[in-house]
Amino acid sequence: MILSCQNISKSYGITEILNQINFHIEAKEKLAIVGINGAGKSTLLKIIMGEEEADEGQVVISKDIRVGYLSQHQDSYYDKTIYGELLSVKQELVTLQDNIRQAELDMKHLDGKELEDALERYTRMMHTFESQEGYAFESQITGILKGLGFGEDDFHRPVSELSGGQKTRVSLGRLLLEKPDIILLDEPTNHLDLNSIRWLEGYLSGYEGAVIIVSHDRYFLDKIVTKIVEIENTKSTIYHGNYSYYAQKREEVRLSKYRAYMNQQAEIHHQEEVIAKLKQFNREKSIKRAESREKMLAKIERIEKPQDVNDEMRLSLAPDIESGNDVLLIEGLSKSYGSNTLFTDINIDIKRSEHVALIGNNGTGKTTILKIINQLIPKDSGKVTLGAQVHIAYYDQEHQILHPDKTLFDELQDTYPNLNNTKIRNVLAAFLFTGDNVFKQIKDLSGGERGRLSLAKLMLGNANFLILDEPTNHLDVTSKEILENALKNYTGTVLYVSHDRYFINQTATRILDLSSDGITSYIGNYDDYIERHLVSTAKDDEKQRVIKEETETKKDWKKSKEEQARERKRLNDIKKTEARIDELEQLLISLDEEMNANATNVEKLTIISNQQAETSAELERLYEEWETLSC
């Protein structure tokens, strides 16, 4: 154990955020902290780093353990280039390298004792340089920068001129190059494209240190972590496995808790009915029995009602008007901004009921294509044709379809006056707006809440063709699951841009991959795309590396599960062996007593002696077996 959170509690005013949080992490372990927005995940990371103080509890970090931290928001200002910023991490090696080169020059002019002393210093410096991977640090810097999406043309750009997202990537690069014993990452994939995310997955999976991640990227977590700490209602629960395992077990636990609660409620209701009936008899004995039952009922430890989580879309949303079979046809589409050509000769054909994900690296023009379809920006050339009876609803990242001074309820009621109050409340509840929350003003909502409301409003419309630009941005995991179920149940046509591979896996029936070579279509979800896309381009070394990394991750997960099973069997075998040893030792004591009791009975003594020999032989074998199992 290299880090332990022990009974961490934190409140802001009267609002309790964390209550008795307990978990630990071992060397090389990969752990994720998950929970809805506002659950306290980032706060917990800040407490671990000492940036905030816990009200109660403590964080224990082993001696000489170095901890590195990447927060969501970078406040640092840099005066170096991108390459120079990472190079500064290795400043000691740079200085040592300069000293070695200077020593080589100086030794040309020395002889005798001075040369011997210089050679001794030179040897020590070289040993230190080699032991600290001095020959590799420049290639490490280049590999990390390229992995995070920086081309060699970017290396000498001043960091001060970069966007916030690019600065975060530089900070991440610095952190990875520092190689602390524990890395804390808060939403590390927010500013990365798919290739960079895949690279980071491989890097972290093979990282020699421990990693603690806060992320809403479920596919990313699936590939890396082997332990999940869930924070829900201020409490923590630990799950040993990756994200998919956690999601499955979480539902099983919630269902079990709900069943236990419902069973207890049924029993309480039954007892209350019996008590009422006994009292109705109005006889001394029946009243005493009723009072006895009341006392027993009062002593029952009541199970709290599990939190009502509407993580399933319980509405079947179907367009009022069905489109024709041909929904969208794009032919020869091109777009440039000055000398920057985004794409040329793009061709897309989408049919009714398809759910199509448009993916590609940052800057390839995915959002531009959506805006051209919606006539928000002009095309340079090409043709965009909508099919018969096609009605578009467009969701962009700025949520421009909301009115900030309206309440959530009024926003839907004013937009759809024909809907009754029950229908509006059901729709809002399906997107996690319940009770008095429906009367909050839109201007008071968080980014994630506005996203959910925009999606609810959009999906209630008469559109039969949904076009969505990064619909899962700013959504917590529960909200993403709601949207996934909504789209899976939606019978219209969907075209969306997303970097969320788990979301794509759940909702896409076809993937369009936009690159500098144009559009390539793949039938199926994201896993199908990875398999077909990477196998078909086997000559590309980088893509082969991704296949290997993802395969190795699956093998590692399977190996981990097999090791856990072997460990459980070993512990069980130890338990059985110890029990048998105890049993045989007691038998030997009993046989000794029998031997003393039959000192004059030769026949009996012979039988007992044989039993002792057999028992001792078995006991000796078990001692050896126990010793082997305990190693």
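Being three residues apart in helix 18 (residues 541-597), Arg580 and Glu583 are separated by about one helical turn. Select both to begin; the model in the viewer is a predicted one.

**Stop 1: Arg580 and its partners**

Arg580 and Glu583 form a salt bridge, with 2.5 Å between the closest N and O atoms. Colour the two by accessibility: Arg580 is partly exposed, at a relative accessible area of 28%, and Glu583 also counts as partly exposed, at 48%.

Glu618 counts as partly exposed, with 24% relative accessibility.

Side chains of opposite charge can pair when their charged atoms come close.

**Stop 2: Glu594**

Return to helix 18 and pick Glu594, which is found there. Its relative accessible area is 31%, so Glu594 is partly exposed. Which residues does Glu594 touch, not counting those up to four places away in sequence? Show Lys604 and Ile608; Glu594 touches both.

To get a sense of scale, draw a C-alpha to C-alpha distance from Glu594 to Thr142. The two are 80 Å apart in space and 452 residues apart in sequence.

**Stop 3: Arg254 and Glu230**

Move to Arg254 and Glu230, a salt bridge whose closest N and O atoms are 3.8 Å apart. Arg254 lies in helix 9 (residues 243-281) and Glu230 in strand 8, so this pair ties together parts that are 24 residues apart in sequence. Is Glu230 buried or exposed? Glu230 counts as buried, because its relative accessibility is 4% and the cut-off for buried is under 20%.

**Stop 4: two positive phi values**

From strand 8 (227-232), step into the loop between that strand and strand 9 (235-240), and select Asn233. The phi of Asn233 is near 50 degrees, which is a positive value in a residue other than glycine. Most residues other than glycine have a negative phi, and most peptide bonds are trans.

Asp345 also has a positive phi, near 50 degrees. The place to look for Asp345 is strand 11 (residues 340-351). Asp345 is exposed, with a relative accessible area of 52%.

**Stop 5: Asn505**

Go on to helix 16 (residues 501-507) and select Asn505. Asn505 is buried, with a relative accessible area of 17%. What lies in contact with Asn505, leaving aside its neighbours within four places in sequence? Display Tyr219, Asn525, Tyr526 and Asp527, which are the residues in contact. For Asp527, show the backbone too: the backbone nitrogen lies 2.9 Å from a polar atom of the Asn505 side chain.

**Stop 6: helix 1**

Select helix 1 and colour by accessibility. Lys41, Thr43, Leu44, Leu45, Ile47 and Ile48 are buried in this helix.

**Stop 7: the largest pocket**

Rolling a probe the size of a water molecule over the atoms shows where empty space is left. The largest pocket has a volume of about 1,200 Å³. To centre the view, select Glu187, Asn190, His191, Asn473 and His474, which lie nearest the centre of this pocket among its 40 lining residues. The elements that give two or more residues to the lining are helix 1 (41-49), helix 11 (366-373) and helix 14 (447-460). Helix 1, the previous stop, gives the most, with three residues.

Finish by colouring the lining by residue class. How many of its residues are nonpolar, polar and charged? The lining of the largest pocket divides into 26 polar, eight charged and six nonpolar residues.

Terms used. Residues numbered from 1 in each chain as written. Predicted model: local features only at pLDDT ≥ 70, side-chain atom pairs only at ≥ 80, totals over all residues. Heavy atoms only, no water. 1 Å grid on protein atoms, 1.4 Å probe; cavity = no way out; pocket = protein on both sides within 12 Å on 5 of 7 lines; lining within 4 Å. Points joined across faces, edges and corners; volume = space filled by probe spheres on them. Helix = DSSP H or I, 4+ residues; strand = E, 2+ residues; numbered from the N terminus. Nonpolar A, V, L, I, M, F, W, Y, C, P; charged D, E, K, R; others polar. Buried < 20%, exposed > 50% of the residue type's maximum accessible area, 1.4 Å probe, protein only. Salt bridge = Lys/Arg side-chain N within 4 Å of Asp/Glu carboxyl O. Polar contact = N/O pair within 3.5 Å; in protein donor to acceptor, adjacent residues only side chain to side chain. Contact = heavy atoms within 4.5 Å.
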